[in-house]
Amino acid sequence: MSRMLAACVFISGAVALLVLSIMNSQIQAEVDRLEAELGHMTIEDPERVYIVEVVNPDVPPEVRRNLKYNWQFRCYLPPGYDYRRASCGGRISKDGVYARGGHSSTWNYAGGQATHQLLTVSLQEENGQLQVHCSFDGSMGTSSWGGFRLDNADSDLVVEKLANHADGPRSFDVNAILPLLRVYDANSAEATVIDGASFTSYTGGYVAFIPKPLELVFNDLRNGRTPTEFKAGWLASVEQRDE
Amino acid sequence: MSKTPESTPEQSRLRPRASLLSLLTLTALMALAFAIGLAVRKQHALKTQREGLLAVSRQLIVEDEDRLAASSLVATASDFSSWQVYVPEGREYEVYLGVGDVGFEKVPPIQDTFSISAGMHRITFRSRDRTKYDFQYDVYLDGEKRIERVMGKEWMPNGWSSASGIGWPEMEDRPEAPMQLAARSYQPKHDFGRDRYFHGQGDSSVTRLGYRLWIDEKNQSYPEASPFLVSLFEGGLSDGLRYKLANQQWEWQFFRPSLEGSSPVIQVSPEFVLADGKVISNPSQDYGGWVIDQSRREDAPDLTNENFLYLVGSKLGAYVAAENSPVIEMKWDVDKPDAVGIRLAEVPENERIERWTLRIQGGSEHLWRKLVFADTAIDTVGDKLAAGDMQLDLSSGSNESAMLWWHATETLPLQIVSDENEAYSNLGLYDGLAVMQGLEVPVDNNFRVTATIATEIPGEVGVAFPGGAIMEEIQIEIDGTTRDWIWLYAKARSGE
């Protein structure tokens with residue numbers, strides 16, 4: 001009798017395990033499909049920011065043909081990550097976050113939960129005017145990047161992404177300014193001098209995340225000044241690899 | 001093999017008996033349980049990951065296959081909106097685009113429709129709602145343009161200053177509401193000249209130009225919205241004058257949201273003199289304020305052409321009708337959108353009122369300096385009027401009723417006047433578009449109208465009113481036996 005009971009329990013358990021395995025493989029297949037669309041990202045440290053480029057943003061064809069360029073990134077933001085999303089343009093540096101021209105920003109407060117969000121940046125040209133659309137977390141903002149135009153820039157346009165598909169997802173410390181996307185015209189180089197320091201600026205723009213504790217540092221860097229106690233780790237770059 | 005020592009029968013019963021097979025079975029069961037535990041944990045993690053990814057991807061999840069469903073796709077440009085839409089089997093549906101007059105309860109005229117079959121679809125809407133684009137609205141179904149509607153520059157020649165979303169109106173006779181995808185109501189931009197900025201207040205009940213995009217069953221039509229607002233604390237016309245009740249406040253305040261102001265266009269402080277000589281006024285020792293008591297109405301409201309509202313004095317400190325209070329009847333008529341009618345109601349409680357006075361206040365907020373009635377035009381500054389009361393004879397010929405109009409001398413909105421003249425900055429001037437107020441009373445001995453002229457800022461003795469004398473208040477003294485309507489008006493100046 002006890003052997004029969006054990007056998008029944010064993011068979012039931014085996015069936016349950018089989019059903020669970022089948023369900024898990026179905027859910028895994030769905031997750032794999034979604035990650036193929038949205039980029040693969042493994043959160044190893046939930047206290048860091050993760051960014052992965054979405055290779056083929058889901059943009060309807062009737063919309064895409066009205067856009068010049070379109071980029072999309074999936075972002076993992078840890079709990080408590082309060083930040084400003086800034087779109088700056090006009091004359092910018094090819095490194096750092098210097099920008100002279102248009103500037104718009106939005107504050108985002110993360111709350112107690114980690115979130116996944118899509119950042120979508122589109123460049124649209126209408127009647128000779130460039131519009132930069134930045135969509136994130138259900139809100140959309142449009143700016144002009146200080147009059148940056150694409151007329152002559154298409155062939156010499158440089159696009160730098162902090163995380164690109166070829167290199168896979170990247171993670172960042174929460175206390176780092178993240179210039180996620182930088183676009184500029186390589187042919188528009190011009191010498192710029194600020195406080196005696198000379199560097200090259202270009203017409204273009206960028207989109208960046210600025211964590212709240214580094215807001216004042218960002219303002220200085222955007223104006224071409226380096227704060228006296230500046231640490232290199234406060235500004236993420238394309239070349240810098242994950243710690 | 002040596003024998004184990006023999007044990008007593010009792011010891012034999014207590015000693016655990018486990019064969020090798022039993023141990024193997026137990027081990028297998030434990031391993032199975034462990035594997036199941038791991039699988040359950042993995043499933044939880046996978047489900048959490050899947051939900052996070054689905055939320056990001058905006059994929060539409062259809063929970064009820066018999067109902068419409070929609071999910072907005074990630075926005076990529078400010079003039080485009082896209083949705084994934086599910087249409088159930090069994091009924092014929094259409095996509096509707098309405099453009100024109102919209103309001104909280106108002107569906108605009110349907111400009112275009114097209115059929116949409118059952119199943120999953122993508123709808124994209126492009127609104128180029130600027131004068132430079134001639135206000136063009138395009139609707140795509142699964143990538144194909146199905147509607148292109150151009151309203152033209154003249155539809156809104158100055159453009160708009162702000163736009164707000166509006167929900168679908170409640171329709172009691174429709175158990176399933178249409179699926180509204182997008183809607184907008186535009187607040188028109190006003191041009192008052194270079195470097196002059198007018199900041200108007202919005203109100204979703206006011207009819208404005210806008211659009212709605214929605215999915216509904218085929219060949220639907222929508223009832224015309226009532227022009228009236230009816231609630232516990234407000235009454236009147238959506239696009240005209242409205243009375244808004246404030247708890248424990250004696251004065252009656254009337255607003256005109258269509259003129260984009262947040263402060264009252266008319267404020268009235270009533271005063272009642274009873275037959276026994278008692279005076280009921282502000283502050284009252286008997287009444288805290290007023291309550292709306294629609295139980296006084298004998299028949300159901302028409303809400304097509306006329307609407308009525310009954311005010312009863314409230315007890316001190318409570319939103320409860322007091323006994324034996326004066327009862328005021330207010331009336332709105334769609335043929336008089338700029339006006340509200342006021343009179344004593346035909347109730348026994350009002351029979352003890354010998355006379356009553358309406359004090360129309362607000363001269364310092366509205367800078368009243370011009371009065372026009374009969375063949376007379378008065379300018380408080382130009383005519384160098386001194387402070388004090390001035391009785392007005394409104395009668396003119398054989399007309400049964402007489403009109404009095406009054407307004408500021410400034411033609412610009414007082415918000416701009418206040419910005420440009422520091423002397424007015426602390427007076428709390430009216431913040432809407434330029435308005436003129438009016439009064440219509442029967443020409444008989446039951447009414448007496450008096451204007452109070454002030455040359456100093458109220459409450460500041462010796463401080464001259466900036467810009468000169470104003471008409472601070474108008475009093476209408478009314479015989480307590482008459483039940484004729486007094487009409488108060490507030491309308492836009494300069495044809496706006």
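A: Start with B:I292, which stands opposite B:L311 in strand 18 of chain B. This is a predicted model, where local features need pLDDT of at least 70, side-chain atom pairs count only at pLDDT 80 or more, and totals for chains, interfaces and linings use all residues. Residues are numbered from 1 along each chain as its sequence is written, chains are lettered from A and ligands numbered from 1 in the order in which they are written, and side-chain values use heavy atoms, leaving out hydrogens and water.

Q: What is the bridge partner of B:L311 in strand 19 of chain B?

A: B:I328. Strands 18 and 19 (residues 327–333) of chain B pair in the antiparallel sense over 7 bridges; strands pair if DSSP finds at least two bridges between them. Strand 17 (residues 289–292) of chain B is also antiparallel to strand 18, joined to it by 4 bridges. Strands here are DSSP runs of E, at least two residues, and helices are runs of H or I, at least four, numbered from the N terminus.

Q: Why is strand 18 of chain B largely enclosed by the rest of the structure?

A: Because 8 of its 9 residues (306–314) are buried. Buried means under 20% relative accessible area, exposed over 50%, and partly exposed in between, with a 1.4 Å probe and protein chains only.

Q: Switching to the loops. Where is B:D134?

A: B:D134 is in the loop between strand 5 (119–128) and strand 6 (136–141) of chain B. Its phi is positive, about 60 degrees, although it is not a glycine. B:D134 counts as partly exposed because its relative accessibility is 27%.

Q: And B:D195, buried or exposed?

A: Exposed, with a relative accessible area of 58%. B:D195 lies in the loop between strand 9 (179–188) and strand 10 (208–217) of chain B, and has a positive phi of about 60 degrees without being a glycine.

Q: Now the interface. How many residues of chain A are in contact with chain B?

A: 43 residues of chain A, against 38 residues of chain B, contact being heavy atoms within 4.5 Å.

Q: What about salt bridges between chain A and chain B, how many?

A: The count is 2, a salt bridge being a side-chain nitrogen of Lys or Arg within 4 Å of a carboxyl oxygen of Asp or Glu. One of them joins A:E30 and B:R50, with the closest N and O atoms 3.2 Å apart.
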